[in-house]
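User: Hi! I'm new to this one and would like a friendly walk through it. Could you show it to me?

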Amino acid sequence: PGGDAKRAAEAVLAAAKVPASRYKFGKTAAFLAVGVLDELNGARHRYIEQRAVFMQARIRTALAKRLARQLRDEKAKAALEIARAEARRAEEEAAEEEAEE
């Protein structure tokens, strides 16, 4: 298990582009040069911030689409109600004209 942990730590440090001269592995621990841990924490915070901003943008987009769909449906429903009311009014006027004749 120790070798796996060491390889995982080396992979993380390589992915973070930390030069090998800035860390060393002992038998049970990794020793980082001054500032390396702060750099890694900063990179982690930037990554989390980017993901949070991405998720917020996706949620805002989904909510805006939902609102647009609701407004579009309400507008269509209102237009249909207006058309029906106008048709009823026209029928009533026609019936009144026929009754007058």
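This is a predicted model: local features need pLDDT of at least 70, side-chain atom pairs count only at pLDDT 80 or more; totals for chains, interfaces and linings use all residues.

**Charges, confidence and contacts**

User: Where is Arg-69 found?

Analyst: Arg-69 is in helix 2, which covers residues 36–100.

User: And how exposed is Arg-69?

Analyst: Arg-69 has a relative accessible area of 43%, so it counts as partly exposed.

User: Which residues form a negative surface patch?

Analyst: That patch consists of Glu-91, Glu-92, Glu-93, Glu-96, Glu-97, Glu-98, Glu-100 and Glu-101. One of them, Glu-92, belongs to helix 2.

User: Switching topic: what is the mean pLDDT of the protein?

Analyst: The mean pLDDT is 93, and 98% of the residues reach 70 or more.

User: Where is confidence lowest, and where is it highest?

Analyst: Helix 1 (residues 2–15) has the lowest confidence, with a mean of 88, while helix 2 has the highest, at 95.

User: Good to know. Now, how many salt bridges does the structure hold?

Analyst: There are 2 salt bridges. In one of them, Arg-7 pairs with Asp-4, and their closest N and O atoms are 2.4 Å apart.

User: How many residues apart are Arg-7 and Asp-4?

Analyst: They are 3 residues apart in helix 1, so about one helical turn separates them.

User: Is Arg-7 buried or exposed?

Analyst: Arg-7 counts as exposed, because its relative accessibility is 52%.

User: What does Arg-22 form a salt bridge with?

Analyst: Its partner is Glu-39, and the closest N and O atoms of the two are 3.1 Å apart. This pair links distant parts of the chain: Arg-22 sits in the loop between helix 1 and strand 1, and Glu-39 sits in helix 2, 17 residues apart.

User: And what are the relative accessible areas of those two?

Analyst: Arg-22 has 24%, so it is partly exposed. Glu-39 is partly exposed too, with a relative accessible area of 42%.

User: What about the loops, say Lys-17?

Analyst: Lys-17 lies in the loop between helix 1 and strand 1 (23–25). Phi of Lys-17 is near 60 degrees, which is a positive value in a residue other than glycine.

User: Is Lys-17 buried or exposed?

Analyst: With 71% relative accessibility, Lys-17 counts as exposed.

User: And where is Thr-28 found?

Analyst: Thr-28 is in the loop between strand 1 and strand 2 (30–32). Thr-28 has a relative accessible area of 80%, so it is exposed.

User: One last thing: how far apart in space are Thr-28 and Arg-84?

Analyst: From C-alpha to C-alpha, Thr-28 and Arg-84 are 80 Å apart, and in sequence they are 56 residues apart.

Conventions
Residues are numbered from 1 along each chain as its sequence is written. Side-chain values use heavy atoms; hydrogens and water are left out. Helices (H or I, at least four residues) and strands (E, at least two) are DSSP runs, numbered from the N terminus. Buried means under 20% relative accessible area, exposed over 50%, partly exposed in between (1.4 Å probe, protein chains only). Patches are made of residues with over 30% relative accessible area and no salt bridge: like charges are joined within 9 Å, nonpolar side chains (Val, Leu, Ile, Met, Phe, Trp, Tyr) within 5 Å. Accessible areas come from the Shrake-Rupley method with a 1.4 Å probe; for residues, only the protein chains shown count as cover. A salt bridge is a side-chain nitrogen of Lys or Arg within 4 Å of a carboxyl oxygen of Asp or Glu. Lys and Arg count as positive and Asp and Glu as negative; His and the chain ends are not counted. The place of a charge is taken as NZ of Lys, CZ of Arg, CG of Asp or CD of Glu. pLDDT is the predictor's confidence in each residue, from 0 to 100.
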